Amino acid sequence: QVQLVESGGGLVQAGGSLRLSCAASGRTFSSYIMGWFRQAPGGEREFVAVVSWSGDNTYYADSVKGRFTISRDNAKNTVYLQMNNLKPEDTAVYYCAAGTYSSDYRAYDYWGQGTQVTVSS
């Protein structure tokens, strides 16, 4: 069982940066693949990024590649999403999730409550 709590969301102007954090409870954090997803109002849950157990392997959605960086610190049971050069279309609720290495939300078993990111133009 893993419990996930996101933080770091907020309001930022286009071109700005935010860093999201996701703190996990449980002693098995390092055994989980961790991913970030987002959901805009009226939209479907969209894959953003995923990171392997060790942090050595990552994969990104094309829409965020080169702007966002996913990382993890297993000693702190935390996964991060550094978001640079934010655009208004990045506005969404961002969720972290624990599961298997996939861009499909159905491959993830545990989800946080989400954190709102709003990018103004």
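Biologist: At 26% relative accessibility, what does Asp-104 count as?

Modeller: This is a predicted model, in which local features need pLDDT of at least 70, side-chain atom pairs count only at pLDDT 80 or more, and totals for chains, interfaces and linings use all residues. Residues are numbered from 1 along each chain as its sequence is written, and side-chain values use heavy atoms, with hydrogens and water left out. A residue is buried under 20% relative accessible area, exposed over 50%, and partly exposed in between (1.4 Å probe, protein chains only). Asp-104 has 26% relative accessibility, so Asp-104 counts as partly exposed.

Biologist: Which residue forms a salt bridge with Asp-104?

Modeller: A salt bridge is a side-chain nitrogen of Lys or Arg within 4 Å of a carboxyl oxygen of Asp or Glu. Here the closest N and O atoms are 2.8 Å apart.

Biologist: How far apart are the closest N and O atoms in the salt bridge of Asp-62 with Lys-65?

Modeller: Asp-62 counts as exposed at 66% relative accessibility. Lys-65 counts as partly exposed at 48%. In their salt bridge the closest N and O atoms are apart by 3.1 Å.

Biologist: Is Arg-38 buried or exposed?

Modeller: Arg-38 forms a salt bridge with Glu-46, with 2.9 Å between the closest N and O atoms. Glu-46 is partly exposed, its relative accessible area being 32%. Arg-38 has 5% relative accessibility, so Arg-38 counts as buried.

Biologist: Which residues are linked with Arg-38 in a network of salt bridges?

Modeller: A search of the whole structure finds five salt bridges. Side chains of opposite charge can pair when their charged atoms come close. The network links Arg-38 with Glu-46, Arg-67 and Asp-90.

Biologist: In what order do the four strands of the open sheet stand?

Modeller: Strands (E, at least two residues) and helices (H or I, at least four) are DSSP runs, numbered from the N terminus. Two strands pair if DSSP finds at least two bridges between them. In this open sheet the pairing is antiparallel, and β1 (4-7) and β7 (68-73) are the edge strands, each pairing on one side only. The order is β1-β3-β8-β7.

Biologist: How many bridges pair β3 with β8?

Modeller: Strand β3 (residues 18-24) pairs with β1 over four bridges, in the antiparallel sense. Within that pair, Val-5 stands opposite Ala-23. Towards β8, Ser-21 has Tyr-80 as its bridge partner. The antiparallel pairing of β3 and β8 runs over bridges that number six.

Biologist: Which residue in β8 stands opposite Asp-73?

Modeller: β7 pairs with strand β8 (residues 78-83) over six bridges, in the antiparallel sense. Opposite Asp-73 stands Thr-78.

Biologist: Which residue does a disulfide join to Cys-22?

Modeller: A disulfide is counted when a pair of cysteine sulfur atoms lies within 2.5 Å, and by this rule there is one disulfide. The S to S distance is 1.9 Å. Both of its cysteines are buried. The residue joined to Cys-22 is Cys-96.

Biologist: Why does the pair of Cys-22 and Cys-96 tie together parts that are apart in sequence, and by how many residues?

Modeller: The disulfide is right-handed, because the torsion about the S-S bond of Cys-22 and Cys-96 is about 45°. Cys-22 lies in strand β3 and Cys-96 in strand β9 (residues 92-99), so the parts tied together are apart in sequence by 74 residues.

Biologist: Which residue is the bridge partner of Tyr-94 in β11?

Modeller: β9 is mostly covered, with seven of its eight residues buried. Seven bridges join β9 to β4, and the two run antiparallel. Three bridges join β9 to β11, also antiparallel. In β11, the bridge partner of Tyr-94 is Thr-115.

Biologist: How many residues has the largest nonpolar core?

Modeller: A nonpolar core is a set of buried Ala, Val, Leu, Ile, Met, Phe, Trp, Tyr and Cys residues joined through side-chain atoms within 4.5 Å. Among the residues with the most contacts inside the largest one are Met-34, Trp-36 and Tyr-94. The elements that give two or more residues to this core include β3, β8 and β9. The number of residues in the largest core is 36.
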